There are 2 protein chains.
Amino acid sequence: MPEFQQIAILGVGLIGGSIGLAARKYNVAAKVVGIGRSQEKLSRAQRLGCITEGTTDWQAGIRGADLVVVCSPVESIVPMVEQMVPFCQPGTIITDAGSTKQEIVDTLHTSESIRGRKDVYFVGSHPMAGSDKSGAEHSVANLFQDRVTIVTPVAETDRTAQATVRKFWESLGSTVMEMSPAQHDASVAVTSHMPHVIAALLAASTPEAMLSLTSTGWGDTTRIAAGDIELWRQILTTNRGHVLQSLANFEKLLTAFRASLEAGQDEHWIKLLKQGKHHRDIVGS
Amino acid sequence: MPEFQQIAILGVGLIGGSIGLAARKYNVAAKVVGIGRSQEKLSRAQRLGCITEGTTDWQAGIRGADLVVVCSPVESIVPMVEQMVPFCQPGTIITDAGSTKQEIVDTLHTSESIRGRKDVYFVGSHPMAGSDKSGAEHSVANLFQDRVTIVTPVAETDRTAQATVRKFWESLGSTVMEMSPAQHDASVAVTSHMPHVIAALLAASTPEAMLSLTSTGWGDTTRIAAGDIELWRQILTTNRGHVLQSLANFEKLLTAFRASLEAGQDEHWIKLLKQGKHHRDIVGS
């Protein structure tokens with residue numbers, strides 16, 4: 001028997017679509033309702049097997065859902081959840097897939113709408129999976145397989161809801177780690193947001209006339225720079241402090257590398273290359 | 001009928017092995033002789049179909065070759081070619097696959113051994129293809145397909161030999177561009193050597209404890225950091241000036257990005273993200 005009678009996915013793009021595909025594949029939910037603004041996109045997601053039905057009426061979409069997964073861009077998660085909470089049935093658990101957590105979790109736990117409903121629960125999540133592509137048509141059921149999802153409980157988080165959300169991501173194939181929203185944001189600044197900025201700057205610093213001379217190395221290193229600008233604007237804006245810190249650390253390393261290459265202190269920069277290879281080899285292909 | 005009776009490949013690793021596979025697949029040469037130091041590796045390359053025979057005796061290996069392709073690490077290309085030239089049969093063309101060109105081409109064209117033989121020709125090449133993996137076991141026949149190979153003629157280059165080398169790379173599926181060794185080195189500093197350094201520093205700047213929180217983005221962006229340290233030491237050492245220049249340009253962009261993110265001048269850094277995406281989209285997947 002499925003773990004959930006009905007889950008609602010708000011925003012059926014790459015992440016939402018992949019959640020739906022995985023939830024259906026692993027029989028996590030009997031019904032998977034997609035909520036979106038475009039009936040055409042919802043119909044396409046339904047044809048792709050991401051959802052069992054779709055609606056542009058969010059109030060209808062969350063009715064009867066045990067679990068609502070908000071997969072909209074980070075800046076719209078808080079207003080969406082605040083608007084939704086008064087209409088949720090008792091016992092509804094809400095989680096999200098936002099790439100930053102502190103602002104979202106802090107705001108929602110001090111929000112009047114959430115505080116007014118003791119029988120509706122919010123638990124912040126971030127599945128660490130994605131692509132430079134977007135849209136339900138790029139969804140894959142195994143997107144979360146062997147990937148980490150971070151769940152970010154705080155003091156106010158309901159422990160049963162937290163366990164349910166954890167189990168949900170695990171049933172999609174993900175390994176769940178729990179940490180505070182602040183620790184999450186500091187970590188992903190280093191492992192995800194800084195790499196995005198660096199990849200974009202690498203692509204930006206390559207003159208257009210030289211692009212035909214790029215190879216697989218440039219291609220891999222800059223791949224994520226193709227990601228949606230508005231999504232990334234929101235991510236970097238809501239995690240500004242930590243991103244600045246990680247960029248400053250990177251800049252120090254770059255300056256040290258350049259200075260030692262210039263000075264002919266070859267052992268210094270070779271040591272940095274070795275450290276990079278060591279970390280890369282730990283992660284593996 | 002094949003274009004060459006016999007080609008000799010000095011160094012049957014990923015690049016040399018892939019040249020052999022492609023040369024055999026497209027019937028570019030009747031015989032493909034691999035030259036290396038380890039009989040075991042040569043036998044493996046032969047079993048993999050990269051070469052038709054292998055020898056650890058380089059003098060025997062180049063005997064009867066119309067074309068010799070030197071695929072050893074950049075710092076050993078000059079001594080190899082100098083040693084080899086006196087033993088080449090009249091008409092032999094020598095090219096290489098080194099990632100830097102100015103030092104190699106300049107040294108060889110002023111070299112006594114090359115200047116003493118008017119009937120042996122050197123033409124510098126750089127196939128812009130590769131992998132973070134090494135060894136003949138990772139060779140693929142289509143490594144050069146739809147990839148650019150840069151051929152770097154100088155005033156002293158024999159035009160017939162240049163045309164033959166150009167045609168050789170084209171028969172392996174590559175698109176050939178010709179430019180001076182200096183222009184080559186300045187270009188690949190930007191499109192290949194700088195990305196390698198940045199990828200390595202990105203991996204190096206990620207604390208080991210956070211590596212489990214990396215995802216596909218970090219994985220793509222740092223992939224080439226796994227490359228062989230000694231090969232990259234030689235590349236960066238022989239292209240130091242251009243690499244320093246491109247790193248300095250990158251550093252300026254990074255500083256500008258960080259300053260505008262810190263100051264809340266969002267339009268500035270968003271413009272850089274957009275420029276990065278624009279360049280990435282031009283290159284495509």
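At 33% relative accessibility, A:Lys31 counts as partly exposed, a class that lies between buried (under 20% relative accessible area) and exposed (over 50%), as judged with a 1.4 Å probe on the protein chains only. This is a predicted model, in which local features need pLDDT of at least 70 and side-chain atom pairs count only at pLDDT 80 or more, whereas totals for chains, interfaces and linings use all residues. Residues are numbered from 1 along each chain as its sequence is written, chains are lettered from A and ligands numbered from 1 in the order in which they are written, and side-chain values use heavy atoms, with hydrogens and water left out.

The partner of A:Lys31 is A:Glu53, with which it forms a salt bridge at 3.7 Å from N to O; the rule asks for a side-chain nitrogen of Lys or Arg within 4 Å of a carboxyl oxygen of Asp or Glu. Because A:Glu53 lies in strand β3 (residues 53-55) of chain A and A:Lys31 in strand β2 (residues 29-35) of chain A, the pair ties together parts that are 22 residues apart in sequence. Here strands (E, at least two residues) and helices (H or I, at least four) are DSSP runs, numbered from the N terminus. A:Glu53 is likewise partly exposed, at 33%. In chain B, a salt bridge of 3.7 Å, N to O, links B:Glu53 and B:Lys31, with relative accessibilities of 33% for B:Glu53 and 34% for B:Lys31.

Over all chains the count comes to 26 salt bridges. One of them joins B:Asp96 to B:Lys101, whose closest N and O atoms are 2.8 Å apart, and both of these residues are buried. Elsewhere, salt bridges that share partners connect A:Asp220, A:Arg223, B:Asp220 and B:Arg223 in one network.

The strands of chain B can now be placed in their sheet. Six strands form an open sheet in the order β3-β2-β1-β4-β5-β6, with parallel pairing, where two strands pair if DSSP finds at least two bridges between them. Strands β3 and β6 (121-123) of chain B stand at the edges with a single partner strand each, so one side of each is left without a neighbour in the sheet. From one strand to the next the twist averages 25 degrees, with axes fitted as lines to C-alpha atoms (for helices over the stretch in contact) and angles running from 0 to 180 degrees between N-to-C directions. Six bridges join β1(B), residues 4-10, to β2(B), and B:Lys31 in β2(B) is the bridge partner of B:Gln6. Helix α2 (residues 39-47) of chain B packs on the sheet by touching β2 and β3 of chain B, its direction making about 170 degrees with that of β3(B); contact means heavy atoms within 4.5 Å.

The contact takes 80 residues from chain B and 80 residues from chain A. About 7,500 Å² is buried between them, of which carbon and sulfur atoms give 71%; this is the accessible area (1.4 Å probe) that two parts lose on being put together, summed over both. Six salt bridges are found across this interface, and the side chains of A:Arg223 and B:Asp220 meet in a salt bridge of 3.6 Å, N to O.
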